[in-house]
Amino acid sequence: MPEPIKKDDEEETTLPSALPPEWSIGESPASEEQDKQNVNSQLSTLFVEKPQTGSVKVGENITFIARVKAEDLLRKPTIKWFKGKWMDLASKAGKHLQLKETFERQTRIYTFEMQIIKAKENFAGNYRCEVTYKDKFDSCTFDLEVHESTGTTPNIDIRSAFKRSGDGQDDAGELDFSGLLKRREVKQQEEEPEVDVWELLKNANPNEYEKIAFQYGITDLRGMLRRLKRMRREEKKSAAFAKILDPAYQVDKGGRVRFAVELADPKLEVKWYKNGQEIRPSAKYIFEHKGCERIMFINNCSLTDDAEYYVTAGDEKCTTELFVREAPVMVTKQLEDKSTFCGERVELECEVSEEDANVKWFKNGEEIYAGPKSRYRVKVDGKKHTLIIEDATKADTAEYSVMTTGGQSSAKLSVDLKPLRILTPLTDQTVKLGKEICLRCEISEYIPGKWTKNGLPVQESDRLKLFHKGRIHKLVIANALIEDEGDYVFTPDAYSVTLPAKVHVVDPPKIILDGLDADNTVTVIAGNKLRLEIPISGEPPPTALWSRADKAIMEGSGRIKAESYPDSSTLVIDVAEREDSGVYHINLKNEAGEAHASIKIKVVDIPDPPVAPSVTDVGDDWCIMHWEPPVYDGGSPILGYFIERKKKQSSRWMRLNFDLCKETTFEPKKMIEGVAYEVRIFAVNAVGISKPSMPSKPFVPLAVTSPPTLLAVDSVTDNSVTMKWRPPDHIGAAGLDGYVLEYCFEGTDHWITANKELIEKTKFTIPDLPTDARIYVRVKAMNAAGASEPKYYSQPILVKQIIEAPKIRIPRHLKQTYIRRVGEAINMVIPFQGKPKPELTWKKDGVEIDKNEINIRNSETDTIVFIRKAERSHSGKYDLQVKVGKFTETASIDIQVVDRPGPPQFVKIEDVWGENVALTWTPPKDDGNAAITGYTIQKADKKSMEWFTVIEHYHRTSATITELVIGNEYYFRVFAENMCGLSEDATRTKESALIAKDGKIYKNPVYDDFDFTEAPMFTQPLVNTYAVAGYNATLNCSVRGNPKPKITWMKNKVAIVDDPRYRMFSNQGVCTLEIRKPSPYDGGTYSCKAVNELGAAEMECKLEVKGGLSFCRLLLQGVPPNIIDSYLRDVQSSTPEEN
């Protein structure tokens, strides 16, 4: 080992300031003991426990632990483990390295572990742990020493240890220093001259320290510089040592180093130390004594042997430094020259002898720094290192090299332009004047280019814009002008390719309609010739096409034809006809576009004759006639009409007006009463007079009737007056159509018509009159001749209601208790009187009725209480109060809603003797809101438990059952009965009654089975029924038969099936047909047919539906239906005689 070269103090002082900028100030060169003391004395920023230096044997496991307190941290800190300076161990996790982390919530401490499994010799060295949280940072270093398990290693060239293990072996592809222990055949490499790194560092510029450290595999540059500084210090002369240790020693990893000192006194005791710890002899450390010379050998040096060593002799010591140099990393696969094109992805690939080795890349001798903003990216995959260049350009053409600690490789990269492909060429364009020009092309490369027009560069302006996006280039001109026409060329940069296109600007055709009206209308008289010339323009000259209703008008011969000229187009119509009127279209077309215009041609003629007139009103010598304008006015507005008249028997027409009648109404006069006449019309426009219309229907002038007679007041309310009168004495031949009733208020002359339509009857009510007003009334008779003279009422009428005391008329069936069953409908109609309209109040048991439960409808003459399904809670006393002013009338109605009773409470057998059993029972707790009418007793033999009725409708609560069978045992049960029927359940005796034998042998008689089958037979027939329109009606009958017959209802011999207006019920032989709200149409013959397998029976009746309130009121008052019917017939027969 060569002696280190000492330099003066000036150089010595410059070394600390010349440290690389990435080293922190806290790592200033100092003695290792001082560094350790400083580190231990400084408080850690984040660590609460740091990993400690450790040692392990080959093949064993070791774990390093770091702990971080998280009390002030909001999230988990970031931790990294390094070996040496650069190697990040996160990417090395696998079968030999595992990283774990845990978090204790109680102590809030993060624990980070790095576990090395089956350690190898090359795992030894210096390690570093870094923890980061936001702007806080903390780190610590520690060493790992791996001891050999057996024997020492012979001296082998250390660089051979960096060779990859052979292919096909179990450990192939794994970087392993154990190769030093194996006898393998390795290729002999050319021996390189030994380089003393110490001499290089002593003589080198401080700016080159890092480069030298990288080149020669120095992982702890900071420690080496610190030791270098100590080496420069002058050693004092020692009395114990005749020759001291060299300042520093250097050895390759796996090599052997020799330390030797010479003592002044051979009797002095010598001790060797490493980092302050005494070294004991072992297979690794060998001590020799040769006279005054003391020697220590260190075999198989590893990175852990890189330390400070000193030897003591008496009270003195001398110190040295041992540096263990890593084996150089070799380039095993060289870079290869590449050629590529612009925009392509380039990958320069090499392989080195060590996985994850530190490799530097250079371009033309300048180092390449890869980063997020750099175009270069470095990819490392084990031993493979790849430099990636995305989207290569010509500027990337250069010589690229890769450098490791043991070698380098270079290659040339040539980047040329790609062959340009035109994906979308420019196309020639023909553009309308004022439209947009858009030239677009697409090339295969993302490069810019230049535009030229007629050989001159194109400059952007407000109208002309140039666009470039990716491979697409566009030139856009808004509002094209004639001067924009020319030859355009696009030339991509760096290429000689050109993309030409021609632009042709054209002027679209135009139609000039300045000579026409505002609505483009041309008028011609039928029979004349039309020649319509329309000026046109356009370049090139457009082609004109005339059409009408999608039918083209061709040039040449024909009544309607077109003629074309360079500056005009002409439409010719020879002898215009009425059918030629319409819209004509002219279309111009050239390569610049199309033009379209519509021209309305109006052919005018005399109008069509009007429709036959109608006579709407006649008098004694006049009439009023109306007519509709003609369907076709000849294309010209109607100016007026001429009217002619003639007698029906005559053929001579007489004109009634010599001045045009502008209206469609005319009043002929001076006609003879009673003579039939006809009239007709002529229409006149600017062209001429039409043909006459068809004659009107014959009409006869007639006179009005005489005035009505006997006008009188029928009734008066606070806002209405009802009048009645008699027909006129003289009606005449025109007959009587009806009446008009008019009134005016006292003090005015304005008569108001009370009826909107004619009154056919001789009675009418004038509504909506103000109270306390006085009115005059008159009536007129109307017929075809008009209104007669009015008939006046002699004096004013005061509009005021005459108070009539209220009176309630309770129907006869409601004067007693009104009984209904549960579920049935309650419908009570109570008529009343009183004027004005009374106020009605209903109460039930003294409380007002809730209208949500009970429906109440009131009218002016009656009130209706309706309950769709009665319940027992509806039972009670209903009070009706009718009030008119201070007059009051009241009435009460009792309603009883009944239901079937409950069963008797208790049934007991009191005594059994002979063939008799005495029973007693108690009445039911629930009588169904009706008196108990009786009981039904049934018996059942204990063996069969079939029940048979013994007694029905029994009124007492005790009974004796006789004629029981001797030897049988019986149970008894009792049903309660009221007007609604038997109770649903029965009460049975708890014990049975045994009819004991008295020594007699009883022989049961033999009975033949009774045949209960029978053909249907009606036990209660249908009866003819009267129904009131709007109120439900029911038809009832009863039928028996066994088997149970099928019931069919028919109306007029047609079966009633699925008709919602009818509901059919059948309960214990009682058949009911309910007709919902019948109308007179529902009247007819209804029949009920019962059919079973033994026969059929049919019963029918007639239903007559009476309408009107009068019939209802008479029926409610108890008048028999036959009297009501005869009364209504008399009323209907007397009504026509009065009119």
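The lining of the second largest pocket comprises 21 nonpolar, 13 polar and 13 charged residues, where Ala, Val, Leu, Ile, Met, Phe, Trp, Tyr, Cys and Pro count as nonpolar, Asp, Glu, Lys and Arg as charged, and the others, Gly among them, as polar. The model is predicted, so that local features need pLDDT of at least 70 and side-chain atom pairs count only at pLDDT 80 or more, while totals for chains, interfaces and linings use all residues. Residues are numbered from 1 along each chain as its sequence is written, and side-chain values use heavy atoms, with hydrogens and water left out.

The volume of this second largest pocket is about 2,300 Å³. A pocket is an open set of points on a 1 Å grid over the protein atoms alone, where a 1.4 Å probe fits, with protein on both sides within 12 Å along at least five of seven lines, and lining residues have an atom within 4 Å of a point. Among the 47 lining residues, Arg-820, Glu-824, Ala-825, Thr-1034 and Glu-1074 are the closest to the pocket centre. Elements that give two or more residues to the lining include strand E83 (1062-1067), strand E84 (1070-1075) and helix H6 (1109-1116); helices have at least four residues and strands at least two, both being DSSP runs numbered from the N terminus.

Across the whole structure, 42 salt bridges are found, each being a side-chain nitrogen of Lys or Arg within 4 Å of a carboxyl oxygen of Asp or Glu.

| Pair | N to O distance |
|---|---|
| Glu-742 and Arg-778 | 2.6 Å |
| Arg-872 and Asp-926 | 3.1 Å |
| Arg-1063 and Glu-1074 | 2.8 Å |

Because Arg-1063 lies in strand E83 and Glu-1074 in strand E84, their pair ties together parts that are eleven residues apart in sequence. Glu-1074 is buried at 12% relative accessibility, whereas Arg-1063 is partly exposed at 35%; buried means under 20% relative accessible area, exposed over 50%, and partly exposed in between (1.4 Å probe, protein chains only). Both Glu-742 and Arg-778 are buried. Elsewhere, Arg-345, Glu-347, Arg-377 and Glu-390 are linked in a network of salt bridges.

The largest nonpolar core has 28 residues, and Phe-64, Trp-81 and Tyr-127 are among those with the most contacts inside it. Such a core is a set of buried Ala, Val, Leu, Ile, Met, Phe, Trp, Tyr and Cys residues joined through side-chain atoms within 4.5 Å.

Key. Grid points are joined across faces, edges and corners, and a volume is the space filled by probe spheres set on the points.
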